[in-house]
Amino acid sequence: MALLDYDMRKFFEQVGLVVTTAIGYRAYFIYVLKKDISFFVKSYLNMSVVIVGYALVAYALNITISGRLEGWGGEPGDIALLILPALVYYFYHKEISIRCALTVLAFMLASSTASFAALFIILALFLFVYYRKNFFKLIVAALVVFMVSSAVSSYLSDNKSDNNDAALKFKETWEMLQSNRFSFYDLETLNASTYAFLTNLCVAEQAPSRLFGTGLGTHHINYEKIYPSRSTTYRLYGLNANDAYSLSIRVFSELGILGLFLLFVFMYKNFNSLSLFSFMAMSYLVNACITGGHYTANGGMLFFVFFYFAGKYVQQDAFLGDKKKNE
């Protein structure tokens, strides 16, 4: 950062926030919960019901963002990110209840393409681990559910514009990535989500020091240097410039290839396929890696610490028995 003459104030702010929250949550799991992860999960599920209830009431009162459910998260993708682990829990236990129905409804009304994709990824991983014999049949069924959920969420939205269609967002993003030749001007013609994702990805790719990154808190500096505000009058310019839209993009921009590699090593090393709680925490991390670039907002460090302890200390006998039975 010194060699690049970057402002370091944001760096020290991010270091302080990450270290303080990580230490605090670690102490909470060790000394308050006594490593009893099940109590934390119970508390999280209760809180998710409160979050979902509040968001649905707000939605009924037409307090939305472009017709999409908002809640406390700040934007639709945030509430989908927060309640995704609860859906994994309900799926595992095959729970049919009011809280499950309300959570599914809220998830669909948030209409987050990234969260739909993260849910599909984590369920595919879950099915592969527990039901390998029928894996491909289950994947086809999951794809059908994914497409139906996308269609229903689009229909239920007050705003019927294409910008709310999850399938369209995925299609535009995929086609643009396949073309591999586009400018920032080209990206300004796309829907807001695709624009935010691809502009931040391009900034991260073109930023200096790709091996080690440019330092914590510097993505917004990279954004202004590579895609300066003076070069455009686009109304959405700077969308997600502070958080890079995605955790993986932000880590790549600020900590480089090495940082991104260590992030994936951390996820791989601490994932426990015998633990439901590990699947729950992993769903949050996968979603954040697609969209959700804040290090500490919306439970960022909390779910990282939860993921670490879930893989190491959760009681595994029941899950191990189920796995052996299905194999």
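Visitor: Why is Thr173 counted as buried?

Guide: Thr173 has 15% relative accessibility, so it counts as buried (buried is under 20% relative accessible area, exposed over 50%, partly exposed in between, with a 1.4 Å probe and protein chains only). This is a predicted model, in which local features need pLDDT of at least 70 and side-chain atom pairs count only at pLDDT 80 or more, while totals for chains, interfaces and linings use all residues. Residues are numbered from 1 along each chain as its sequence is written, and side-chain values use heavy atoms, with hydrogens and water left out.

Visitor: Where is Thr173 found, and which residues is it in contact with, leaving aside neighbours within four places in sequence?

Guide: Thr173 sits in helix α7, residues 166-179 (helices are DSSP runs of H or I with at least four residues, strands are E runs of at least two, numbered from the N terminus). Beyond neighbours within four places, Thr173 is in contact with Thr194 and Phe197, where contact means heavy atoms within 4.5 Å. Thr173 and Leu198 are 25 residues apart in sequence, and their C-alpha atoms are 7.7 Å apart.

Visitor: What makes α2 and α4 oblique to each other?

Guide: The axes of α2 (residues 37-60) and α4 (residues 98-110) cross at roughly 55° and come within 9 Å. Axes are lines fitted to C-alpha atoms, for helices over the stretch in contact, with angles from 0 to 180 degrees between N-to-C directions. Under 35 degrees is roughly parallel, over 145 roughly antiparallel, 65 to 115 roughly perpendicular and the rest oblique, so α2 and α4 are oblique.

Visitor: Which residues of α2 meet α4?

Guide: Leu45, Val49, Val52, Leu56 and Tyr59 of α2 meet α4 residues including Arg99, Leu102 and Thr103. By class, this contact of α2 with α4 has nine nonpolar, one polar and one charged residues.

Visitor: How do you know that α5 and α12 are oblique to each other?

Guide: Helix α5 (residues 113-130) and helix α12 (residues 276-290) pack at about 140°, their axes 9 Å apart. That angle therefore makes α5 and α12 oblique.

Visitor: Why is the pair of Tyr223 and Tyr227 called tilted?

Guide: Their rings lie 5.5 Å centre to centre, with 50° between the planes.

Methods. Ala, Val, Leu, Ile, Met, Phe, Trp, Tyr, Cys and Pro count as nonpolar, Asp, Glu, Lys and Arg as charged, and the others, Gly among them, as polar. Rings of Phe, Tyr and Trp (its six-membered ring) pair if their centres lie within 6.5 Å; planes under 30 degrees apart count as stacked, over 60 as edge-to-face and the rest as tilted.
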